[in-house]
Each structure stands twice: as C-alpha cells, then as structure tokens.
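Welcome! Below are a few exercises with worked solutions; have the structure open while you go through them.

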Amino acid sequence: MTEDSTTLLLGGRVYTPGSPDATAMAITGGTIVWVGQDAPARALHPGAEIVDLDGAFVAPGFVDAHVHATATGLHHTGLDLTTVRDAAGLLAAVRDAVRPGEVLIAHGWDESRWTNPRLPSRAELDAAAGDVPVYLSRVDVHSALVSSALVTPEARAADGWSADGPLTRDAHHRVRDAMRAAITPAQRARAQRAFLDTAASRGIVSVHECAGPDISSEQDLLDLLALTDGPEVVGYWGERDAIDTARRLGVRGLAGDLFVDGALGSHTAALCAPYTDAPSTSGALYLGAAAIGDHLAACTEAGLQAGFHVIGDAAVAEVVAGFRLAEKSVGQRALASAHHRLEHLEMVTPEQAQALASWGVAGSMQPQFDAAWGGPDGMYATRLGDRAAALNPFAMLASAGVVLAFGSDAPVTPLDPWASVRAGTYHRTPGSGLSARASFTAHTRGGHRAAGVNDGLTGALVPGAPAHYAVWDAPELVVATADSRVQRWSTDPRAGVPPLPKLDDDAPLPTCLRTVRAGRTIHQA
C-alpha cells in the first residue's frame with residue numbers, strides 16, 4: 001500500500017459526532033478523509049483497499065494522560081502484588097519470585113484491602129529474599145517495603161525512614177534511586193516494550209509519560225521516547241529550574257509528577273486538617289506557592305507546559321495561590337495560553353475550579369481511583385471521614401470549564417480505558433460522575449488537549465483528523481444518560497448523539513481487535 005492509497009472501512013459502527021448511523025470511514029495517508037455510510041463510501045472511493053468490519057465498533061483511540069511506562073512494564077513482566085491479601089501471602093510471593101543477580105521489583109500491595117493489615121517486618125522480608133535486593137511499592141507508589149540490600153545511609157538519615165516498616169517521603173525517594181540504579185538495561189528495555197504493547201492492545205494510541213528525577217531517569221525517558229513504533233509517547237519531566245533539561249530531552253513540558261504533595265494512601269497528601277485515621281499528621285507539602293508561581297512563570301515564558309502532582313486540599317490551595325502569583329508576573333492571557341496541567345487534583349472546591357478554568361488548566365485525573373478507594377467503606381473514607389465524598393469531582397470541574405483528561409497513573413491502576421470511562425460515569429459519589437459521552441471524550445480528545453493539541457480535530461473521527469482509532473468487539477451500543485431531563489432528547493436518533501458500549505457494572509467491556517495510530521496498525525488481535 002502506498003503512502004497516498006486509501007483504506008476504506010465498511011460494515012461497522014463508527015463513533016463520529018452528529019452521525020449515529022455512520023458505518024464507513026476512509027483513510028488516506030494517515031488522515032481521515034470521509035465518514036458516512038457504506039454505499040456512498042464505495043462510490044466515492046472505488047479503488048480503495050476494503051476492510052470489512054463485520055459489525056465491529058470503531059472509535060477514537062484512547063489517550064492515557066498519566067503513566068509510568070517502565071514501572072508498569074516491570075509490573076507486567078514481574079511480580080504482581082495486587083492479589084496479595086496478607087503479610088504471609090506477600091512473603092510467599094517474594095520467596096517464589098527472587099532470582100539471584102537481578103533486583104526484584106514488585107508493585108501493588110494495599111494493606112487497606114488485606115484480611116489482616118499487619119505488614120511484614122524488614123527481617124521477614126530479608127529472610128524471604130536472601131541477598132537479593134527487593135523493592136515492593138504500595139499501590140499508590142508513594143511508599144515501599146524494601147529489603148536491607150537496598151537500604152543506603154542516605155535513606156537511613158532521611159525524612160520518612162522506618163527501621164522496620166514501609167519507607168515514605170524522602171527516605172522512599174532514596175531507596176527508589178538505589179532500585180533504579182540496580183535495573184539492568186535489558187530489564188528496562190523489556191519493561192518498556194511490554195508496556196507499549198499492552199497499551200496498544202487496550203486501544204491506546206498515545207500515553208503521557210510523567211517522568212522526573214524523583215521518578216525515573218533521563219536515560220529511561222530517552223529510551224522510551226526512542227520507541228516510535230507503538231503508541232505515541234508524550235514526555236513530561238517533573239523538575240524545577242530545568243528549562244535547558246527540557247530542551248535537551250525534547251519533552252512537552254516540565255510537568256507530570258512534580259510533587260506538591262504525596263498520596264492519601266501513604267498519609268502524605270497535604271491536608272488542611274489532620275487525617276481521620278492518623279490525627280498526628282496532615283501529610284507532606286513539598287512545594288509552596290512562591291516556588292509554584294516561579295515555575296509557572298518560567299515555563300510560560302519558555303513556551304513549555306508546567307504542571308504539578310497535587311492531591312490534598314492544602315496542596316491545591318498552594319497551587320491556586322501559585323497561579324495567582326504567576327498571573328501577576330506574566331499576565332492572565334499568557335498563563336492561560338500555555339495550557340498548564342495538574343495531575344490528580346482530587347480535593348478541589350468549586351471556587352478553585354472556576355479559578356483554574358480561567359487559567360486554562362487541564363485536570364489530568366484517574367477515575368479508577370474512585371472505583372478502587374471511593375464510597376462509604378473505601379480507603380478515602382478511612383483516611384478522610386466525611387471529606388471523602390467530595391473527592392474527584394469530575395462533574396463540578398467539567399461544569400466550571402476545566403479540561404478533563406483521563407488516565408490510569410499506571411501502575412497505580414491498570415491500563416484499562418473502558419474501565420476508566422465506566423468509573424468516570426458511575427462515580428461512587430452521586431452527582432460527581434459525568435455522562436458516558438463526556439467520560440469517553442475525557443479519555444480521548446481530552447488527552448490530546450491536555451498535551452496542548454487544540455486543532456479541534458485530533459481525537460475525533462472526522463474528515464481532516466489524524467487516523468487514530470481502535471476497532472472493538474462491542475456487542476451492544478446505547479445512548480445512556482442518568483439525567484432524566486435530557487434522557488428523551490439524547491436517546492432520540494434525531495439528536496445525533498452517537499451511541500457507546502454499555503458500561504453498566506454487569507456489562508462486559510469491549511475487546512480490542514485493532515489499534516491504529518496515524519493510519520498505521522500498532523495492534524492486531
């Protein structure tokens with residue numbers, strides 16, 4: 001097939017704005033050139049290569065707006081701790097998985113879901129691991145259990161050190177540095193390839209890699225950016241005072257996991273009032289308003305996106321104050337045109353949302369957080385009490401005008417975009433979820449917008465848009481809305497609302513048959 005030849009998809013169900021009955025799509029040179037029905041498609045493109053969809057569902061490819069590729073790949077190729085339910089099970093899994101000469105990296109333990117929340121001691125972990133260095137990250141990746149082989153003098157002297165329990169804060173960063181140094185180039189290459197292959201198999205055409213000196217390494221990011229035969233990798237580097245580094249790495253911005261605070265699961269998200277289940281702490285604040293404002297102003301002037309990891313309400317308050325300082329320095333228009341972004345943004349008020357929207361901020365959020373930890377009996381409620389119900393207010397942020405971009409924060413939650421769309425729709429707090437259509441848009445077009453692509457086309461199946469799409473086995477399509485005021489209008493075919501797969505809890509989620517990026521197949525089932 002030549003670069004200018006046309007491929008014609010026929011006999012499917014194509015998700016395109018305003019045409020719920022579209023069955024065909026034509027692609028030339030990596031660009032969508034026509035969308036409609038089969039008969040005119042054949043007439044308009046007589047020499048095209050025909051692809052018979054046999055009733056499959058064709059939709060824009062997903063964007064995962066927050067990932068950690070190498071860590072996720074190591075998770076996929078190594079030991080999975082998400083199913084462990086007590087200390088004995090964790091130790092047995094480690095004992096079975098250790099291999100002499102290679103650091104054991106595993107992820108996903110969550111004692112809030114265990115039958116007994118007691119964590120294994122370091123002595124128990126050493127007995128299970130022998131001399132092998134072992135790093136076991138908690139599900140939120142803000143703390144870890146480690147064997148003595150990874151403990152450095154710097155970690156022992158750092159904030160967050162524990163002689164026997166999980167390491168948090170700066171001590172965790174120090175042992176994470178030691179773990180990264182122990183990864184072999186071959187391990188990293190296998191992990192990155194496994195991650196990209198998995199993403200493509202889930203209908204993902206673009207991922208936003210949130211790298212940085214506290215997360216990975218420059219070489220790790222450069223190696224990932226060099227892999228161009230799978231999903232697009234949009235790189236971010238979370239470091240202050242690093243304009244030259246950003247230019248050298250070729251990243252989209254100094255954003256992603258530039259930490260203003262930590263995570264709720266590890267009691268390190270910065271709160272205005274103490275944790276309900278740990279009244280002695282209100283978390284950790286790593287950056288104040290002045291530093292945040294300086295970073296925003298510097299990135300705005302350099303033409304780079306800035307961004308921050310921000311979860312707790314005290315951290316969000318610092319970020320909003322930082323934006324106000326930056327506005328005084330560079331002006332509202334310049335600040336808004338830079339399309340800065342915030343990762344997670346879990347505890348935000350309506351007034352803060354309005355302010356963030358005025359600065360053109362994108363909220364890069366993870367609906368599966370609510371699915372995993374929301375609700376009256378979840379980890380959020382344990383940590384925060386009554387405050388938990390206000391977390392992850394997708395509907396409020398969207399109504400304020402904040403651009404939403406959905407992702408997984410993999411390996412924190414799985415690379416499973418349809419599960420994220422479902423979680424964004426069926427929020428554990430009534431009234432905080434979006435319509436299925438809005439959730440889907442946040443996981444497709446919203447991701448491109450969060451990366452600064454605002455051409456009005458990318459992320460939709462319309463003529464002139466890049467041919468980023470996935471083909472799905474999705475038996476039943478519906479137009480669903482929980483709002484009775486618009487139910488009749490939106491489900492009427494005359495409204496032109498395209499249907500989506502059923503997302504109810506008991507409905508099977510779609511299976512990916514093919515993923516295509518810019519007209520090139522990157523996954524074929």
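**Exercise 1. Cysteines**

Decide whether cysteine 272 is buried or exposed, and find how many disulfides the structure holds.

*Solution.* Start with the accessibility classes: buried means under 20% relative accessible area, exposed over 50%, and partly exposed in between, with a 1.4 Å probe and protein chains only. At 57% relative accessibility, cysteine 272 counts as exposed. Next, take a disulfide as a pair of cysteine sulfur atoms within 2.5 Å; the structure holds zero of them. Cysteine 299 illustrates this: the nearest cysteine sulfur, that of cysteine 210, is 14 Å away. Cysteine 299 is buried, with a relative accessible area of 0%.

Before going on, a word on the source: this is a predicted model, in which local features need pLDDT of at least 70 and side-chain atom pairs count only at pLDDT 80 or more, while totals for chains, interfaces and linings use all residues. Residues are numbered from 1 along each chain as its sequence is written, and side-chain values use heavy atoms, with hydrogens and water left out.

**Exercise 2. The two sides of α4**

Work out which residues of helix α4 are buried and which are exposed.

*Solution.* Helices are DSSP runs of H or I with at least four residues, strands are runs of E with at least two, and both are numbered from the N terminus. Helix α4 covers residues 122-129, and its buried residues are Arg122, Leu125, Ala128 and Ala129. Seen down the axis of α4, these fall within an arc of 120 degrees, so they line one face of the helix; the arc is that of the directions from the helix axis to the C-beta atoms. On the other side of α4, Ala123 and Ala127 are exposed. Now look for partners, counting heavy atoms within 4.5 Å as contact: the buried residues of α4 pack against α3 (87-97), β10 (134-138), β11 (143-146) and β12 (167-168). Finally, glycine 130 follows α4, with a positive phi near 70 degrees.

**Exercise 3. An aromatic cluster**

Classify the pair formed by tyrosine 15 and phenylalanine 440, then the pair of tryptophan 418 and phenylalanine 440.

*Solution.* Rings of Phe, Tyr and Trp (its six-membered ring) pair if their centres lie within 6.5 Å; planes under 30 degrees apart count as stacked, over 60 as edge-to-face and the rest as tilted. This rule gives twelve aromatic pairs. For tyrosine 15 and phenylalanine 440, the ring centres are 5.1 Å apart and the planes stand at 70 degrees, so the pair is edge-to-face. Tyrosine 15 lies in the loop between β2 (13-14) and β3 (24-28) and phenylalanine 440 in helix α18 (residues 436-442), so the pair ties together parts that are 425 residues apart in sequence. Both are buried: tyrosine 15 at 8% and phenylalanine 440 at 1%. Tryptophan 418 and phenylalanine 440 are stacked, at 5.5 Å centre to centre and 20 degrees between the planes. Tryptophan 418 is in helix α17 (residues 417-425), 22 residues from phenylalanine 440. Collecting members, one cluster is formed by Tyr15, Phe57, Phe62, Trp418, Phe440 and Trp472.

**Exercise 4. Glutamine 192**

Find which residues glutamine 192 is in contact with, leaving aside its neighbours within four places in sequence.

*Solution.* Locate glutamine 192 in helix α7 (residues 185-201). Glutamine 192 is buried, with a relative accessible area of 2%. Its contacts are Thr70, Asp220, Asp223, Leu224 and Leu227.
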